[in-house]
Amino acid sequence: LAALCCVSGAHAYGRQIALHHSSTDSAQAVGVPSAAEGAVQDLPLQGGGFQRVLYTAARRETKGIIVMFPGDTGEIDIEKSGRVKNAKNFVVRSDDLWLDRGYGIVLVDALDHQSMRGQRSSAEYAEVTKEIIEFAHRQANVPVWVLGTSQGSIAAMNAAAHAGGTQLSGMILTESVSILGGSHETVFDAHPGDVRVPSLVVANTDDRCKVAPPSMAQSIAQSIRHAPTTVLTVSGGTQRTQDDCGSLTPHGYYGIEEKVVDGIVGWMQETQNRP
């Protein structure tokens, strides 16, 4: 079983917690279901075009809504029916876990079915994220978080950096791209110094993705210098593809989804309960 513990000691950027998993976790790897069907919305954008999002309500009383930015190119191909064609990414694959815990989710697709690589830290995309967050608030009068994974963490950081003071309850970054690679941008390009909401940086010690090394988690946390920031370390996962940065690997929390989600939810609830 996972053990959640607090590491004592004062840090300028916040505190650190850890979740560790034994090697038996890999035997519990889950399949890759399609995302739960929900309400599709095409948000009109200034200058034309639209941003497609998919909102799925929680399965019980809604505690909050999480805006999910997927990794890689960001293309998850949300169909008008609500079906998600590319359901391998962690934020898509874990939808049932969030819904069962009382959190609605807004899945964000790529703009115009084009790769989002190199665009997520831009001022133009920051304006798009504002529209997405406003959409989330219209679904229910509950707290809203942003969560990004891998390349999607760049989008989440940019969104939090440009959100209004009361728009977000927090930001969650998972296996964040922090080393410059093919997209020519990292979370450090997305204005971490402008983030003003409680933040969580999740890093898997077994992640072998070269552009998202777990050793950079502390540097990411330190860059968010104007907000309380926590580092959550996890371990484990199953490698089902040769690409170390793929979704079905420890980088994508394949096989340890539930324990990672529980760790994030625990932080969210604790943050909400702070005076």
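Glu-175 is situated in the loop that links β8 (170-174) to β9 (199-204), where strands are DSSP runs of E with at least two residues, helices are runs of H or I with at least four, and both are numbered from the N terminus. The model is predicted, so that local features need pLDDT of at least 70 and side-chain atom pairs count only at pLDDT 80 or more, while totals for chains, interfaces and linings use all residues. Residues are numbered from 1 along each chain as its sequence is written, and side-chain values use heavy atoms, with hydrogens and water left out.

The phi angle of Glu-175 is positive, near 45°, in a residue other than glycine. Glu-175 counts as buried, at 2% relative accessibility (buried, under 20% relative accessible area; exposed, over 50%; partly exposed in between; 1.4 Å probe, protein chains only). The loop between β8 and β9 also contains His-184, a non-glycine residue with a positive phi of about 60°. His-184 is exposed, its relative accessible area being 63%.

A nonpolar core is defined as a set of buried Ala, Val, Leu, Ile, Met, Phe, Trp, Tyr and Cys residues joined through side-chain atoms within 4.5 Å. The largest such core has 44 residues, of which Phe-69, Ile-132 and Val-146 touch the most other members. Helix α4 (residues 152-162) supplies the largest share of this core, 7 residues. Beyond four places in sequence, Val-146 is in contact (heavy atoms within 4.5 Å) with residues including Val-67, Phe-69, Ile-133, Ala-156 and Leu-168. A second, separate core comprises 31 residues, among them Ile-66, Val-234, Val-261 and Trp-267.
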